[in-house]
Amino acid sequence: MMEAMINEIKIVTRHYAKAADSKIASLYFGGGTPSLLTTDEIKKLLDVVYQYFKVSDDAEITLEANPDDITEKKLDEWKLIGINRFSTGIQSFKQEDLVWMNRAHNAEQALHCIQLIKNAGFHNYSVDLIYGTPTLSDEDWKKNVQTIIDLDVPHISCYALTVEPKTALQKMIHLKQEKEVNAEKQASQFLLLMNWLKDAGYEHYEISNFAKPGYRSRHNSSYWQNKSYTGIGPSAHSFDGNCRRWNVSNNAAYIQSLKKNIIPFEEEKLSEIQKLNEYIMTSLRTIEGIDLDFIKEEFGELKSDILKAASLKYFNNYQSLSLIKGDVNQKLILTDEGKLFADGIAAEFFFEEQIKI
């Protein structure tokens, strides 16, 4: 697998010169369990990236790490090879939650790994928490969030529990072996979360993400700002501003294809309407909201005018329901309550593909 990924990096730089010429502001080892790689393997990948790409001196280099993979020795090794940020899936500090979610780590490891990261001298790291599980009361949720606040964690990503189709959890819920997910409970815990973290000085800069000043995730922000990015490895996604590309997910097929110097991917070329709708969807999730002046500059005055007309149609209604705020002629920003309905509100402003504009 390592050799296949290294070969993909080389091919990308040969065939996508624009990607190789742009200075990289962030590197992200994630989308699986990269902390299971040896330090030498991670260093080998980093060395190849530095050899074939231009990387900013202050680049954010993040490693996803399971709490039970984090040790004092590994942290020292990771620091030496250039890792300067971590993202760790704590999910909960309550043992019952972790057992219910079938997590490999326990509550003690959840706490201990954060202390290890701090002791190793890392100041930039992120913790994931999950809310809305049947085992998590509002009181327990408050304890989880307060633990994060007390530990002065600089970045937090919080997600409502989702039941994916064809999973063991979905089957157990169907067989009444597990409780159904309670949407009202999830909404309530999300509203509580926003209030607690706001009071603690965190910036709610994207629906699922909260950061102390100066600690927004550069990598994730690039997705929400529709910037170009290059993904390496099975299932990796890339975007060049016009096309979305995704590699095959099958490891064997990926490796065999790269042995023939072929990147096994599919792609979709986005229309102007698709790009505009994606901007509407992603920007509405952020603290900055939809910028109508940006739409005018990026997509043209006519599209901006059409969106302003749509804004006038829906704005007063959403504002009266305390779901949206801002200046109808400049910015549209969701309120805390509006964030519960972000996808539905965004869909109201989408352009139809058939419209010729």
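I began with Ser238, whose side chain reaches the backbone nitrogen of Gly231 at 2.8 Å. I take a polar contact as a pair of N or O atoms within 3.5 Å; within protein, one must be able to donate a hydrogen and the other to accept it, and residues adjacent in sequence count only if both atoms are side-chain atoms.

The model is predicted, so local features need pLDDT of at least 70 and side-chain atom pairs count only at pLDDT 80 or more, while totals for chains, interfaces and linings use all residues. Residues are numbered from 1 along each chain as its sequence is written, and side-chain values use heavy atoms, with hydrogens and water left out.

I placed Ser238 in strand E8; strands (E, at least two residues) and helices (H or I, at least four) are DSSP runs, numbered from the N terminus. Ser238 is buried, at 5% relative accessible area. Buried means under 20%, exposed over 50%, and partly exposed in between (1.4 Å probe, protein chains only). Leaving aside residues up to four places away in sequence, Ser238 touches, among others, Tyr229, Cys243 and Arg245, where contact means heavy atoms within 4.5 Å.

I then looked up Ser235, in the loop between helix H10 (218-224) and strand E8 (237-239). Ser235 is not a glycine, yet has a positive phi of about 70°. Its relative accessible area is 35%, so Ser235 is partly exposed.

Next, I found Asn261 in the loop between helix H11 (251-259) and strand E10 (265-269). Asn261 has a positive phi of about 60°, although it is not a glycine.

Last, I noted that Thr162 is exposed, at 53% relative accessibility.
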